[in-house]
Each structure stands twice: as C-alpha cells, then as structure tokens.
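Dear colleague,

Please find below the structure that I am handing over to you. My notes on what was found in it follow directly after.

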Amino acid sequence: MKNSASKLMINRRQALGLGAVSAVAALGLAACGNTPAPAPAGSAAGSAEEETPVALDAAAYDKLIASGTTADDAAISASTWAKKIKDAGSIRLGMTQTSTLFSLLDEKDGKLRGFDAGLAQLLTRYILGDEGKFEVTQVTSDTRESVLQNDTVDAVFATYSITDDRKKIISFAGPYYQSQQSILVVKGNEDIKGVDDLAGKKVAVQSGSTGPSIMEELAPDATLQEFKTDEEARSALLQKRVDAYVIDRNMLLGAIIKQPGKYQLAGEPFGPIDPYGIGLPLGSDAVAFVNGFLKQIEEDGTWEELWKITIGDRAGVDEVPTPPAIEA
C-alpha cells in the first residue's frame with residue numbers, strides 16, 4: 001500500500017499489543033461467536049486447529065483489485081465526500097485486520113486481503129485511481145461509530161451490521177452482504193440436509209449467540225447443547241458428541257477454511273437476515289456515491305469474483321450468493 005505503510009505498521013503493532021481485541025476477531029466484528037479457547041488435551045480439535053488453513057489466492061486477488069474501475073471527474077465532483085478524499089490524496093478507512101474471511105493482514109507482505117478489504121481497496125481505486133492510497137485505523141465493535149463521528153475515518157468496512165439504532169448516529173451504504181444461521185456437520189454426513197432434519201438430533205449452539213433462540217423457534221424438537229466457545233462446539237462435533245453445530249454462516253465458512261476436510265455445510269441458510277453495510281458519516285452524500293459504486297461492481301461481476309476468491313473457492317462453496325438489494 002503506497003501511502004499507508006507507516007500508519008498500517010503502527011496499527012499492526014497496536015493490534016499485536018491488544019491481543020484478542022474482541023470476541024469475534026477471528027471472523028469479523030459481526031459474527032456471533034467468541035474467541036476460541038484452547039481445546040482440552042487430547043481432543044480432536046486440539047490437533048485439528050494446527051492444520052494449515054486454505055490460503056487465499058493472493059495473485060488472483062491482487063489482479064482483481066488492480067483491474068477495478070475508476071470514477072470519472074464528474075462523479076467525483078458531484079460528491080462533497082468523494083471530492084474531499086480526492087483532494088486529500090488518500091482515504092481513511094476503519095477496518096479490522098484479523099478476520100479470516102473479510103480482512104486479514106498478511107504478515108509476509110503487509111497487505112490486507114479479504115472480502116471487506118477488497119471492497120475497501122476497490123473503492124479506493126474508484127475514487128483515487130490507485131488501490132494503495134489508503135490509511136487504516138484498527139476498529140473494534142465499540143469504536144466503529146466513534147471514529148466516524150469524530151472524523152478519524154472516512155468509511156468503516158468491518159462486517160458492520162445495519163441496525164436502526166446505529167442509523168441514528170451514522171449512515172450506511174449498502175447492504176453489500178448478508179448472513180444467516182447455517183448448519184455445520186462432519187464431512188460426509190448425508191443425514192442432515194436442512195433445519196427440518198435437526199428434529200431429534202443433538203445440536204451444538206454457542207451461549208451468548210442468537211443460535212439458541214432461533215433454534216428454539218425453528219427446530220423445537222432438537223436437543224440443544226450450549227458451549228462457551230466456537231472451538232468447543234466444533235470439538236464436540238468432531239468427537240460426535242453432537243450431530244450438528246448451528247451458528248452464523250460466516251463463522252462456519254471460516255471453520256471450513258481453517259480446518260479443511262473436516263466439515264461441510266448442510267442445507268440452506270435460515271433465520272433472521274443480518275445485513276452488512278459500509279459505515280459513513282451521518283447525513284453525508286457519501287451514501288449515494290458509495291451505493292453507486294456498489295451497484296457498478298455488482299453489475300460488472302467484480303463482486304461475484306471477489307466473493308469466489310476470498311470465500312467461495314476457499315470453503316468449497318460453488319453457489320455464489322445473490323447480493324442483497326441496496327437500500328435507496
């Protein structure tokens with residue numbers, strides 16, 4: 001990243017100093033689960049976590065970002081927000097650097113890659129003609145609003161769920177992605193093909209997540225077993241102490257990527273939809289500008305290709321999701 005190297009290095013040191021900066025760092029700030037705890041000695045998960053995760057194709061990712069489109073001068077001039085960024089010569093982004101699927105810092109080359117990171121870099125290129133002209137401020141679930149309110153950043157990309165309460169103090173572009181609950185089973189399990197097949201089954205859920213309440217409503221005949229951490233639930237699944245594990249789909253896709261060959265998804269997503277948006281200053285004309293950018297990358301196939309590289313190809317999921325309808 002051309003103009004962001006020094007600030008990114010500062011944020012890398014901050015991130016390392018913070019350690020487990022939030023309970024959902026492994027998969028993004030919107031995920032329901034907690035930071036994994038060490039598995040009990042001799043457990044299946046104890047050795048499985050040491051396996052090599054499925055790597056993102058960095059060359060394909062970088063090529064896609066570098067081929068992103070750029071806005072014309074008229075579009076930039078029509079937006080006060082975009083023109084300010086253009087005049088400044090860089091965009092200030094609030095992001096996480098520890099999300100396996102959405103925004104992960106590669107310690108080898110110092111670059112951020114992932115679905116959210118890709119969108120942020122494509123937007124940077126769209127405005128400035130160079131995807132490397134950005135500065136990163138590390139955000140947590142507690143700081144995403146404040147960095148927008150105090151003008152520390154121009155936009156936040158951090159699996160940021162759109163809610164009515166948040167819309168009172170910031171604005172959102174999008175949604176650009178969405179998640180629901182899904183079912184994880186061990187690889188090769190063909191008995192469970194959807195939520196209706198969970199009746200009479202032992203199902204792991206994570207305490208403190210939305211999983212238990214959703215399961216009580218949609219699969220009341222399942223026997224729920226609550227676990228404190230994502231790793232404990234997956235360990236129980238591998239040891240066949242439970243038949244399935246239900247939580248946010250992105251958590252499960254991350255598990256498949258981190259432990260290749262161990263799991264598979266069963267059936268379609270279900271339950272309430274959690275829409276992700278791009279956080280922007282309240283009342284800013286950035287919303288219209290960024291929504292126009294999102295519509296363009298969805299129409300020209302860039303959104304689909306980015307999803308394949310960062311998530312689908314790594315998790316072995318061939319069916320690309322349909323982007324959610326962008327709010328007016």
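In this predicted model, Ala 60, Tyr 61, Leu 64 and Ile 65 of helix 3 are in contact with Thr 302, Glu 305, Leu 306, Ile 309 and Thr 310 of helix 12. Contact means heavy atoms within 4.5 Å, and helices (H or I, at least four residues) and strands (E, at least two) are DSSP runs, numbered from the N terminus. Helix 3 covers residues 58–66, and its axis lies 10 Å from that of helix 12, at an angle of about 160°. Axes are lines fitted to C-alpha atoms, for helices over the stretch in contact, and angles run from 0 to 180 degrees between N-to-C directions. Helix 3 and helix 12 are therefore roughly antiparallel; angles under 35 degrees count as roughly parallel, over 145 as roughly antiparallel, 65 to 115 as roughly perpendicular and the rest as oblique.

Helix 3 also packs against helix 6: their axes come within 9 Å and cross at roughly 30°, and the two helices are therefore roughly parallel. On the helix 3 side, Tyr 61, Leu 64, Ile 65 and Ala 66 take part, and they meet Ala 117, Gly 118, Gln 121, Leu 122 and Arg 125 of helix 6.

As to the conventions, residues are numbered from 1 along each chain as its sequence is written, and side-chain values use heavy atoms, with hydrogens and water left out. Local features need pLDDT of at least 70 and side-chain atom pairs count only at pLDDT 80 or more, while totals for chains, interfaces and linings use all residues.

The aromatic residues come next. Rings of Phe, Tyr and Trp (its six-membered ring) pair if their centres lie within 6.5 Å; planes under 30 degrees apart count as stacked, over 60 as edge-to-face and the rest as tilted. By this rule there are 12 aromatic pairs. One of them joins Phe 115 and Trp 303 edge-to-face, at 5.5 Å centre to centre and with 85° between the planes. Because Phe 115 lies in helix 6 (residues 115–128) and Trp 303 in helix 12 (residues 302–315), this pair ties together parts that are 188 residues apart in sequence. Both Phe 115 and Trp 303 are buried, where buried means under 20% relative accessible area, exposed over 50% and partly exposed in between (1.4 Å probe, protein chains only).

Tyr 126 and Phe 289 form a tilted pair, since their ring centres are 5.5 Å apart and their planes stand at 55°. Tyr 126 belongs to helix 6 and Phe 289 to helix 11 (residues 286–299), so parts 163 residues apart in sequence are tied together. Tyr 126 and Phe 289 are both buried. One aromatic cluster is formed by Phe 102, Phe 115, Tyr 176, Tyr 177, Tyr 276 and Trp 303.

Turning to the strands, two of them pair if DSSP finds at least two bridges between them. An open sheet of 3 strands has the order 2-3-4, with antiparallel pairing. Strand 3 (residues 103–106) is joined to strand 4 by 3 bridges, and Asp 106 stands opposite Lys 111 of strand 4.

Strand 10 (residues 244–248) is mostly covered, with 5 of its 5 residues buried. Strand 7 (residues 171–186) runs antiparallel to strand 10 and is joined to it by 4 bridges; Gln 181 has Asp 248 of strand 10 as its bridge partner. Strand 8 (residues 202–206) runs parallel to strand 10, with 2 bridges between them, and Ala 204 is partnered there with Tyr 245 of strand 10.

Yours sincerely
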